[in-house]
Amino acid sequence: MAKRVGLAVVGLGMGAAPHAQSLQDLEDVIDVRGVYARSEPARRAFADTYGFRAADDLDALVGDPDVDGLLLITPPNVRAGIISRFAEAGKHILCEKPLERTVAAAEGIVRICEDADVRLGVVFQHRFRPASEKLAALIVSGELGPIRLVRADIPWWRGQDYYDEPGRGTYERDGGGVLMTQAIHMLDLMMSLIPPVTAVQALTATTALHTMEAEDVCAGAFEFEGGVGSLFASTASFPGGAESLTLECEQASVLLQSGVLTVSWRDGRCDRFGEEAVSGGGSDPMAFKYHWHKAVIADFADAIAAGRPPRITGRQALAAHRLIDALERSSREGLRVAMK
C-alpha cells in the first residue's frame, strides 16, 4: 500500500465541516497529522467531533516531517504568515478561497509558494461538479462552437445575523462582500470556461437590507474575445435561489444550474447531464454536499503524491481576483475598466 499523504489542517470555523467530512472519507489516502485553531476549546471540540488529533501549536505541525501539505481554512486576513511558515518548511498548500483580500496580496501568496517550490492549490469546488466538468469538455471539443453571450446569475440570501459576526462582510478580514465571499466560486468557474475577459463595467452597492461595510449586490457587464456577458450577484435576494451560468454558443444554448447541465442544440436536440443539488444560496450557508470539496482534496493529495500541479493552481485562481478587482474599481470610479 502506498504511503498516505500527511496533511495538517489549520482553521476550524464554520467552513471547515465539509473539509472534515471529506478527510474522513479519504482516510485511506490521507493521514490527518493534526488540526489547529487558536482557540483551544475549538480545536479540541473539532478533533473530538471528527476523530482527528488536535495540535497544540503551529510549530508542531510545521516541524512534523510526516506533514506533506497544509489545508488552510482560516479567514483570508491571517493566511500569508501561516503560508510562509509552511512553504518555507517545504509543505505544499491547499488554500480556501479567496487566496487573500486584494489582488496584490493574492499575488504575494502565489510568489511565496513559487519561490519555495511548493504546490499551491485553491478550493474552487464548483469546477469539480460533474456537470461543470462535462461543460468544460464540450467547450474543449469544439462541439458548442464559439461562445457569444454569457449570463452569470447568483441571487443568494444571507440574513443580518450572518453579517453580525465580527469581521463578516468587512474589507479588513474578508476583503469585501458578495463578490469576494460568495460569487467568487461562480466567477472562477466562468473564467475557466470562457475566453479571457477584456473589459468590465459595473455597479456595486450595499442595500438597505443589510448593515455591513462591503457590497451585498453587484450588477455588471463585461466583454471577452468574440462576445459579451452580464453578471448579477447578491446576498440580498430572499429567500435565495440557485446560481446559474448561461452560455449562448453558435451551435447550442447551455444552462448550468443547481448541478445540472442542459444543452439545447440548434438542431432541436436537448441533452441533460448531472443531478440537482443545492449549493448554500439561502439562509444556511452550509446547505450543500461535501463531495465537491472531497474531489478538490483528493486531487491535491494525488498532486503531492504524483509530483504534479493541482487542477486549480494559485496562479489560475488569480483570474477571479482580478475580475473582482476590476468590477469594484469600475463601480468606484464610474468607468469602463480594461483588464490587463
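Trainee: What percentage of the 340 residues in the protein is buried?
Mentor: Buried residues make up 55% of the chain's 340. A residue is called buried under 20% relative accessible area, exposed over 50%, and partly exposed in between, using a 1.4 Å probe and protein chains only. Please keep in mind that this is a predicted model, in which local features need pLDDT of at least 70 and side-chain atom pairs count only at pLDDT 80 or more, while totals for chains, interfaces and linings use all residues. Residues are numbered from 1 along each chain as its sequence is written, and side-chain values use heavy atoms, with hydrogens and water left out.

Trainee: And what is the accessible surface of the protein?
Mentor: The accessible surface is about 14,500 Å², and carbon and sulfur atoms hold 51% of that area. Such areas come from the Shrake-Rupley method with a 1.4 Å probe, and for residues only the protein chains shown count as cover.

Trainee: How does the radius of gyration sit with a compact globule?
Mentor: The two agree, because a compact globule of 340 residues would have a radius of gyration near 20 Å and the protein has 20 Å. The radius is taken over C-alpha atoms, and the globule rule is 2.2 Å times the number of residues to the power 0.38. Along the principal axes, the C-alpha trace spans about 55 × 45 × 35 Å.

Trainee: How many helices and strands are there?
Mentor: The protein has ten helices and 14 strands. These are DSSP runs numbered from the N terminus: helices are H or I with at least four residues, and strands are E with at least two.

Trainee: Let us look at one helix. Which residues of α4 are buried?
Mentor: In helix α4, residues 79-88, the buried residues are Arg79, Ile82, Ile83, Ser84, Phe86 and Ala87. Their cover includes β1 (5-10), α3 (58-62), β3 (69-72), β4 (92-96) and α5 (103-116). Just after α4, Gly90 has a positive phi of about 80 degrees.

Trainee: Which residues other than glycine have a positive phi?
Mentor: Asp117 is one of them, with phi of about 60 degrees, and Ser258 is another, with phi near 55 degrees. Asp117 sits in the loop between α5 and β5 (120-123), while Ser258 belongs to the loop between β11 (252-257) and β12 (260-265).

Trainee: Is Asp117 buried or exposed? And Ser258, buried or exposed?
Mentor: Asp117 counts as exposed because its relative accessibility is 67%. Ser258 is at 15%, so it counts as buried.

Trainee: Moving on, where are the cis peptide bonds?
Mentor: One runs from Lys97 to Pro98, with omega near -15 degrees. Another runs from Phe238 to Pro239, with omega near 5 degrees. Pro98 is in the loop between β4 and α5, and Pro239 is in the loop between β9 (227-234) and β10 (244-249).

Trainee: New topic: how many aromatic pairs does the whole structure have?
Mentor: A search of the whole structure finds five. One of them joins Phe46 and Tyr50, a tilted pair at 4.8 Å centre to centre with 50 degrees between the planes. Rings of Phe, Tyr and Trp (its six-membered ring) pair if their centres lie within 6.5 Å; planes under 30 degrees apart count as stacked, over 60 as edge-to-face, and the rest as tilted.

Trainee: Where do Phe46 and Tyr50 lie?
Mentor: Both are in helix α2 (residues 40-50), four residues apart, about one turn of the helix. An α-helix has 3.6 residues a turn, so residues three or four places apart point the same way. Phe46 is buried, at 8% relative accessible area. Ring pairs also link Phe46, Tyr50 and Phe52 into a cluster.

Trainee: Why is the pair of Tyr162 and Tyr163 edge-to-face?
Mentor: Their ring centres are 4.9 Å apart and their planes stand at 90 degrees, so the pair is edge-to-face. Tyr162 is buried at 11% relative accessible area, and Tyr163 counts as buried at 7%.

Trainee: Last one: what does Ile139 touch?
Mentor: Leaving out residues up to four places away in sequence, Ile139 touches Leu144, Ile147, Leu193 and Leu247; contact means heavy atoms within 4.5 Å. Ile139 lies in helix α6 (residues 130-141) and counts as partly exposed, at 24% relative accessibility. Across the protein, residues 24 or more positions apart account for 68% of the contacts with a separation of 6 or more.
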